[in-house]
Amino acid sequence: METTRGCPWGHCTFCSTKAFWGTVVWRNKPIETIVEELKDMEKLGVKRGTLTDEEFFGYGMEGVERAKDLALAIIKSGVKISFYANDKPEDRKKRIETLRLLKQAGLDIIYLGIESGSASQLKRYAKGMDIVEAEMAIKICKELGINMAIGWLMFEPLVTVEEISESLEFIKRNKILPYLSTPLNQLRMYPVIPYIQLVKIEERKSGKQLIDKEFEGGSLTFKIVGYQDNRVEAILKFLEKYSND
C-alpha cells in the first residue's frame with residue numbers, strides 16, 4: 001500500500017520517479033485513511049504489508065512529525081500488521097524517537113537507498129548525502145533492532161575499480177552484506193534518467209561507446225555495452241562467467 005507518493009529530494013541521477021509520476025512533489029495520504037486501510041487489511045487476514053512509498057518520511061521535521069502521528073494512530077487502533085518502509089537520514093533525535101514508535105506500531109524492515117560506499121560515486125548519483133550520514137543511518141537501525149534492506153548500485157558505465165574497492169570496504173566496515181538487496185547490481189539505463197547525459201558526455205570525450213544507441217523495448221532500457229574503466233569490464237566478464245557456472 002502507499003501512504004505517500006513522490007519524493008522530496010528528486011535529484012538522484014538514476015531515478016525515473018519524475019518521469020513515472022510526472023512530478024517529484026511529495027504528497028501524503030490522510031492518516032485516518034491509512035489506519036482504516038490497515039484495519040480492512042487485518043480483517044482480510046493480512047499479517048504483513050509493504051509500504052511502496054518512494055520516500056516514507058517526506059519533508060524535513062514536518063515529515064518526521066507526521067510519521068510520529070501515524071505511528072501513534074496505528075498503535076491506538078490496535079492493528080497488528082508488520083510493515084516495511086523507505087527512509088533517508090535527517091534530524092537524528094526526532095527521527096530516532098519516531099522510529100521507536102514506528103517499530104512499536106509494526107515497522108520491522110526499513111529500506112535504505114544508500115547505493116554506494118564511494119563518495120565520488122554518491123556524488124555522481126546526486127544522492128544528497130555523504131558516507132558519514134549513510135553509516136549513521138545503518139548504526140541507528142542496528143541499535144533500534146530494525147532490519148534493513150539496503151539498495152545498492154555497484155556497477156555503472158562510469159564506475160572505477162577504486163570506487164568499487166571503496167564500496168567493498170564500506171560493506172565490510174559496516175557488516176552490511178546480509179542487508180544488501182543485490183550486492184552486484186548494475187544501474188538500469190532508463191532513457192528518462194539524468195545519468196544518461198553524464199554517459200553521453202563521457203562518450204563524446206573518450207570516443208568510446210558505453211551504452212547501446214538503440215532502446216530495448218522489452219526491458220525499457222539502453223543496454224550497457226562498455227565501461228569507462230577497462231578493468232571494470234574485466235571484473236564483470238569474470239562475474240558473468242562465475243554466475244553462469
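Gly-6 is buried, with a relative accessible area of 0%, where buried means under 20% relative accessible area, exposed over 50% and partly exposed in between, for a 1.4 Å probe and with protein chains only. This is a predicted model, in which local features need pLDDT of at least 70 and side-chain atom pairs count only at pLDDT 80 or more, while totals for chains, interfaces and linings use all residues. Residues are numbered from 1 along each chain as its sequence is written, and side-chain values use heavy atoms, with hydrogens and water left out.

The loop that holds Gly-6 runs between strand S1 (4-5) and helix H1 (17-21); helices (H or I, at least four residues) and strands (E, at least two) are DSSP runs, numbered from the N terminus. Apart from neighbours within four places in sequence, Gly-6 is in contact with Val-24, Val-25, Trp-26, Arg-27, Glu-54 and Glu-55, contact meaning heavy atoms within 4.5 Å.

Gly-128, by contrast, is exposed, with a relative accessible area of 56%, and is placed in the loop between helix H5 (119-125) and helix H6 (131-144). If residues up to four places away in sequence are not counted, Gly-128 touches Trp-9 and Glu-133.

| Pair | Separation along the chain | C-alpha distance |
|---|---|---|
| Gly-6 and Gly-22 | 16 residues | 9.4 Å |
| Gly-128 and His-11 | 117 residues | 8.0 Å |

Strand S7 (residues 211-216) pairs with strand S8 (residues 221-224) in the antiparallel sense over three bridges, two strands being paired if DSSP finds at least two bridges between them. Within this pairing, Phe-215 stands opposite Phe-222 in S8. The hairpin of S7 and S8 has four residues between the strands, and Leu-220 there takes a positive phi near 60 degrees.

The protein chain as a whole has nine helices and eight strands. Its radius of gyration is 20 Å, close to the 18 Å that the globule rule gives for 245 residues, so the chain is as compact as a globular protein of that length; the radius is taken over C-alpha atoms, and the rule is 2.2 Å times the number of residues to the power 0.38. Along the principal axes, the C-alpha atoms fill a box of roughly 60 × 40 × 35 Å. Buried residues make up 43% of the 245 residues, and among contacts between residues at least 6 apart in sequence, 74% join residues at least 24 apart.
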